[in-house]
Amino acid sequence: MALIETPEHAGDAAGVLRAAGLKVTASREAVYDALRDMPHASADDVFLRIVQRMPRTNRQSVYNALGDFADAGLVRRIEPAGRPMLFELRVRDNHHHLVCTSCGVVVDVDCAVGAAPCLEPSDAHGFTLTTAEVTYWGLCASCATAATSPHTEGSP
(Lines give C-alpha, C1' and ligand atoms only; values in the text may rest on other atoms or scores of the structure.)
Protein backbone atom coordinates (compact mmCIF):
# COMPACT_ATOMS: atom_id res chain seq x y z
CA MET A 1 0.00 0.00 0.00
CA ALA A 2 1.62 3.24 -1.15
CA LEU A 3 1.41 6.43 0.84
CA ILE A 4 -1.12 9.00 -0.33
CA GLU A 5 0.58 12.32 -1.05
CA THR A 6 -0.48 15.02 1.39
CA PRO A 7 1.00 18.50 1.87
CA GLU A 8 3.09 17.36 4.84
CA HIS A 9 5.23 15.07 2.68
CA ALA A 10 4.54 16.14 -0.89
CA GLY A 11 7.46 17.03 -3.09
CA ASP A 12 10.95 15.69 -3.36
CA ALA A 13 12.72 14.30 -0.30
CA ALA A 14 15.45 16.96 -0.45
CA GLY A 15 12.89 19.76 -0.28
CA VAL A 16 11.04 18.15 2.62
CA LEU A 17 14.30 17.62 4.53
CA ARG A 18 15.41 21.21 3.95
CA ALA A 19 12.01 22.54 5.04
CA ALA A 20 12.38 20.56 8.28
CA GLY A 21 15.82 22.09 8.87
CA LEU A 22 17.71 18.86 8.20
CA LYS A 23 20.88 18.49 6.17
CA VAL A 24 20.22 16.71 2.89
CA THR A 25 22.27 13.56 2.38
CA ALA A 26 21.83 10.68 -0.03
CA SER A 27 21.16 8.35 2.89
CA ARG A 28 18.45 10.58 4.37
CA GLU A 29 16.79 10.99 0.97
CA ALA A 30 16.82 7.22 0.50
CA VAL A 31 15.28 6.66 3.96
CA TYR A 32 12.55 9.21 3.28
CA ASP A 33 11.78 7.72 -0.14
CA ALA A 34 11.65 4.21 1.35
CA LEU A 35 9.09 5.36 3.92
CA ARG A 36 6.96 6.82 1.12
CA ASP A 37 6.86 3.38 -0.48
CA MET A 38 6.54 1.39 2.76
CA PRO A 39 4.26 2.96 5.36
CA HIS A 40 4.61 1.31 8.79
CA ALA A 41 8.15 0.10 8.06
CA SER A 42 10.69 -1.01 10.63
CA ALA A 43 14.22 0.35 10.54
CA ASP A 44 15.38 -3.02 9.22
CA ASP A 45 12.74 -2.92 6.45
CA VAL A 46 14.01 0.51 5.43
CA PHE A 47 17.63 -0.64 5.55
CA LEU A 48 16.91 -3.69 3.36
CA ARG A 49 15.13 -1.49 0.81
CA ILE A 50 17.96 1.06 0.69
CA VAL A 51 20.90 -1.34 0.63
CA GLN A 52 19.66 -2.71 -2.71
CA ARG A 53 20.27 0.70 -4.31
CA MET A 54 23.07 1.91 -2.06
CA PRO A 55 25.18 -1.11 -1.04
CA ARG A 56 27.49 0.99 1.16
CA THR A 57 24.60 2.05 3.42
CA ASN A 58 24.84 0.84 7.00
CA ARG A 59 22.08 0.18 9.51
CA GLN A 60 23.32 2.86 11.87
CA SER A 61 22.84 5.58 9.25
CA VAL A 62 19.25 4.40 8.78
CA TYR A 63 18.63 4.45 12.55
CA ASN A 64 20.20 7.90 12.78
CA ALA A 65 18.07 9.25 9.92
CA LEU A 66 14.87 7.84 11.43
CA GLY A 67 15.72 9.36 14.80
CA ASP A 68 16.46 12.72 13.18
CA PHE A 69 13.19 12.53 11.23
CA ALA A 70 11.23 11.77 14.40
CA ASP A 71 12.89 14.64 16.25
CA ALA A 72 12.04 16.98 13.36
CA GLY A 73 8.42 15.78 13.25
CA LEU A 74 8.73 14.15 9.82
CA VAL A 75 7.92 10.63 10.99
CA ARG A 76 5.78 9.04 13.65
CA ARG A 77 7.05 6.12 15.69
CA ILE A 78 4.58 3.30 16.21
CA GLU A 79 5.43 0.78 18.92
CA PRO A 80 3.07 -2.21 18.72
CA ALA A 81 3.59 -4.43 21.77
CA GLY A 82 5.92 -7.34 21.07
CA ARG A 83 6.88 -6.05 17.62
CA PRO A 84 9.70 -3.90 16.27
CA MET A 85 9.21 -0.15 16.26
CA LEU A 86 7.62 1.06 13.03
CA PHE A 87 7.85 4.41 11.28
CA GLU A 88 5.40 6.26 9.07
CA LEU A 89 5.25 9.63 7.34
CA ARG A 90 1.64 10.30 8.29
CA VAL A 91 2.19 12.63 11.25
CA ARG A 92 -0.18 15.60 11.08
CA ASP A 93 -3.33 13.90 12.32
CA ASN A 94 -4.50 11.74 15.20
CA HIS A 95 -5.11 8.50 13.31
CA HIS A 96 -4.95 5.03 14.84
CA HIS A 97 -3.84 1.56 13.75
CA LEU A 98 -5.12 -1.95 13.20
CA VAL A 99 -2.47 -4.66 13.74
CA CYS A 100 -2.91 -8.27 12.64
CA THR A 101 -1.85 -10.64 15.42
CA SER A 102 -0.98 -13.30 12.87
CA CYS A 103 0.89 -11.71 9.94
CA GLY A 104 1.72 -8.31 11.53
CA VAL A 105 0.20 -6.12 8.83
CA VAL A 106 -0.57 -2.60 10.05
CA VAL A 107 -3.38 -0.48 8.62
CA ASP A 108 -4.31 3.13 9.36
CA VAL A 109 -7.71 3.94 10.87
CA ASP A 110 -8.77 7.56 10.51
CA CYS A 111 -11.07 7.79 13.48
CA ALA A 112 -12.10 5.84 16.54
CA VAL A 113 -15.85 5.85 17.06
CA GLY A 114 -18.24 4.44 19.60
CA ALA A 115 -18.02 4.04 23.36
CA ALA A 116 -15.16 1.55 23.55
CA PRO A 117 -12.27 1.85 23.70
CA CYS A 118 -12.63 4.87 25.90
CA LEU A 119 -11.03 7.90 24.29
CA GLU A 120 -11.56 10.13 27.31
CA PRO A 121 -9.87 8.93 30.50
CA SER A 122 -12.01 8.65 33.60
CA ASP A 123 -9.51 10.99 35.31
CA ALA A 124 -7.15 13.17 33.25
CA HIS A 125 -5.06 13.95 36.39
CA GLY A 126 -4.72 17.57 35.31
CA PHE A 127 -3.39 16.73 31.85
CA THR A 128 -4.49 18.78 28.86
CA LEU A 129 -5.05 16.02 26.32
CA THR A 130 -3.93 16.53 22.74
CA THR A 131 -4.07 13.06 21.21
CA ALA A 132 -5.17 9.53 21.92
CA GLU A 133 -3.16 6.63 20.58
CA VAL A 134 -5.27 3.58 19.91
CA THR A 135 -4.07 0.24 18.57
CA TYR A 136 -6.63 -2.35 17.59
CA TRP A 137 -5.43 -5.96 17.58
CA GLY A 138 -7.03 -8.83 15.67
CA LEU A 139 -6.82 -10.86 12.49
CA CYS A 140 -6.71 -9.18 9.09
CA ALA A 141 -9.21 -10.44 6.51
CA SER A 142 -6.66 -12.76 4.86
CA CYS A 143 -5.54 -14.35 8.13
CA ALA A 144 -9.11 -14.67 9.40
CA THR A 145 -10.12 -16.43 6.18
CA ALA A 146 -7.10 -18.74 6.38
CA ALA A 147 -7.89 -19.55 10.02
CA THR A 148 -11.47 -20.57 9.23
CA SER A 149 -10.95 -22.37 5.92
CA PRO A 150 -10.76 -26.16 6.20
CA HIS A 151 -7.40 -27.69 5.32
CA THR A 152 -7.41 -30.83 3.27
CA GLU A 153 -4.93 -33.55 4.12
CA GLY A 154 -1.68 -33.12 2.28
CA SER A 155 -2.23 -29.44 1.52
CA PRO A 156 0.25 -26.86 2.83
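A residue counts as partly exposed when its relative accessible area lies between the buried range, under 20%, and the exposed range, over 50%.

View 1. The closest cysteine sulfur to that of Cys103 belongs to Cys100, at 3.7 Å. Because a disulfide requires two cysteine sulfur atoms within 2.5 Å, this separation is too far for a bond.

**View 2. Cysteine sulfur atoms around Cys143.** No disulfide includes Cys143, for which the nearest cysteine sulfur, in Cys140, is 3.6 Å away. Cys143 has a relative accessibility of 15% and therefore counts as buried. In the predicted model, the disulfide count is zero under the 2.5 Å cut-off.

**View 3. Packing of helix H2 against helix H3.** Helix H2 spans residues 26-37 and helix H3 spans residues 43-53. Their axes lie 9 Å apart and form an angle of about 120°. The two helices are therefore oblique to each other, and H2 passes H3 in a right-handed crossing.

**View 4. Residues in the contact of H2 with H3.** On the H2 side, the contact is made by Ala30, Val31, Ala34, Leu35 and Asp37. The H3 side contributes Val46, Arg49, Ile50 and Arg53. By residue class, the contact comprises six nonpolar and three charged residues, with no polar ones.

Technical notes: Residues are numbered from 1 along each chain as its sequence is written. This is a predicted model: local features need pLDDT of at least 70, side-chain atom pairs count only at pLDDT 80 or more; totals for chains, interfaces and linings use all residues. Side-chain values use heavy atoms; hydrogens and water are left out. Buried means under 20% relative accessible area, exposed over 50%, partly exposed in between (1.4 Å probe, protein chains only). Axes are lines fitted to C-alpha atoms, for helices over the stretch in contact, and angles run from 0 to 180 degrees between N-to-C directions. Helices (H or I, at least four residues) and strands (E, at least two) are DSSP runs, numbered from the N terminus. Angles under 35 degrees count as roughly parallel, over 145 as roughly antiparallel, 65 to 115 as roughly perpendicular and the rest as oblique. A crossing is left-handed if the near helix is turned anticlockwise from the far one by less than a right angle, and right-handed if clockwise. Contact means heavy atoms within 4.5 Å. Ala, Val, Leu, Ile, Met, Phe, Trp, Tyr, Cys and Pro count as nonpolar, Asp, Glu, Lys and Arg as charged, and the others, Gly among them, as polar.
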